[in-house]
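Subject: Structure handover

Hello,

I am passing on the structure we spoke about, together with notes on what turned up in it. Please have a look at the model before reading on.

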Amino acid sequence: MPPPFHGDHGDRHLHRGRIDPVQVDGLGQAQEGGDRGTRHVLRAGGIEVVLGGAAHAAVDDFRRTVEALAELLRRAVAEHGELPRQGQAFDANIPLDERVERVAAWVATPQGPRPGLVAMYFEMVDGAGHDHGPGSEQARAAIRTVDAAIGQLLARLEAAGVVPNVVVVSDHGMADARNFLAVEDIAAMEEAEVVSIGQVIGLVPRAGYGDVLRARLPGRHAQYQCWEKERIPARLHYGSHPRIPPIVCQMDEGWNALPRAMIERRNAEGRRDAGAHGYDPDLPSMRAVFLAHGPAFRRGLRLPVFDNVDVYPLLARLVGVQPQPGDGNPQTLLPALQAP
Ligand SMILES: [Zn+2]
């Protein structure tokens, strides 16, 4: 097997060290369908990062994130001498069959080294789950669409004589979430800066309000639970990073906490999201799919529930690279392998 990401011209060092500084002029915003559509696009070298989300999100913070990403890439290039050579920045406007054809062309290329690892993303199951709910006919139709695209890819590879290991994952589950609470009812705007909204509410107390909020918020409330950062349960693996705010609240399943003005605007537009993720990861609704098929895997096996961070050491093993340290347990997925 060729090393992963090996380019197809044999000139392995063509791109060594060549990563341009972050393109801040690449910063832009586009509205596409309401507040979830605020998108910040930043470019660093050949990499494009699209960040979306809360209206409160700070652009400077985004820029620091991309700069950190670019630095990681510079170090990776310095250490390993190459970057992925074949790629396509995510673009929801590219039809699924075209995405499949591109990947098939990379993998099924008859001459030269083939890529050792290819990642594809299909966004429509998430979108339909948010807009209509995880059990909706629209969500089921989206699953059928993605299933057909994966089938098309496998058929193309089979026709080219390629027998891949294929791992299908989702990065999160989806719960019915039709109840809305104004985030101002958790903390008033003069009391705290709200740095995240939705299912996990991050609060930075404003000057003079720290003691008030630390006395009032930690503990159980009707539709949510709050912790001081230092007391977030260890099983959530959250709270140690400097960017996590001093107070964090987890909404109960089915609840969304948004700024009151945003709830009112959505109501006026007749728009009510029906599904959400970001709830307690122990909830069955937050479970994600994992399907693995190919020569490396045993057939017909059903695994007990595991953490999706365990997928990374499995993929590293399959492509023959040493995984970096992380929370993932390399043991849990070994029973799925033909040769553990
Ligand atoms: Zn989503």
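Two residues count as in contact if their C-beta atoms, placed from the backbone, lie within 7 Å. Of the contacts in the chain with a separation of 6 or more, 62% are between residues 24 or more positions apart.

This is a predicted model, in which local features need pLDDT of at least 70 and side-chain atom pairs count only at pLDDT 80 or more, while totals for chains, interfaces and linings use all residues. Residues are numbered from 1 along each chain as its sequence is written.

Confidence

The pLDDT is the predictor's confidence in each residue, from 0 to 100. Its mean over the chain is 82, and 79% of the residues reach 70 or more. Over residues 53-57 the pLDDT is below 50, and this stretch has 7 contacts in the model beyond near neighbours in sequence. Residues 1-38 stay under 50 as well; for them the model has 71 contacts beyond four places in sequence.

Overall content

There are 7 helices and 15 strands in the chain. Helices (H or I, at least four residues) and strands (E, at least two) are DSSP runs, numbered from the N terminus. Of the 340 residues, 17% are buried, meaning that 20 or more other C-beta atoms lie within 10 Å of the residue's own, with C-beta atoms placed from the backbone.

The sheet

An open sheet is formed by 5 strands with antiparallel pairing, in the order β8-β9-β12-β11-β10. Its edge strands, β8 (192-196) and β10 (219-220), each pair on one side only. Strands pair here if DSSP finds at least two bridges between them.

Strands β8 and β9 are joined by 4 bridges in the antiparallel sense, with E193 opposite V204 in β9. Their hairpin has 3 residues between the strands, and G198 takes a positive phi near 105° there. On to the next pair: β9 (residues 200-205) runs antiparallel to β12 (residues 247-251), again with 4 bridges, and I201 stands opposite C249 in β12.

Helix α3

Which residues of helix α3 are buried? In this helix (residues 124-132) they are V125, A128 and G129. Seen down the axis of α3, the directions from the axis to their C-beta atoms fall within an arc of 105°, so these buried residues line one face of the helix. They pack against α4 (137-159) and β14 (275-276). Just after α3, G133 takes a positive phi of about 100°.

Regards

Conventions: A residue is buried if 20 or more other C-beta atoms lie within 10 Å of its own, exposed if 12 or fewer, and partly exposed in between; C-beta atoms are placed from the backbone.
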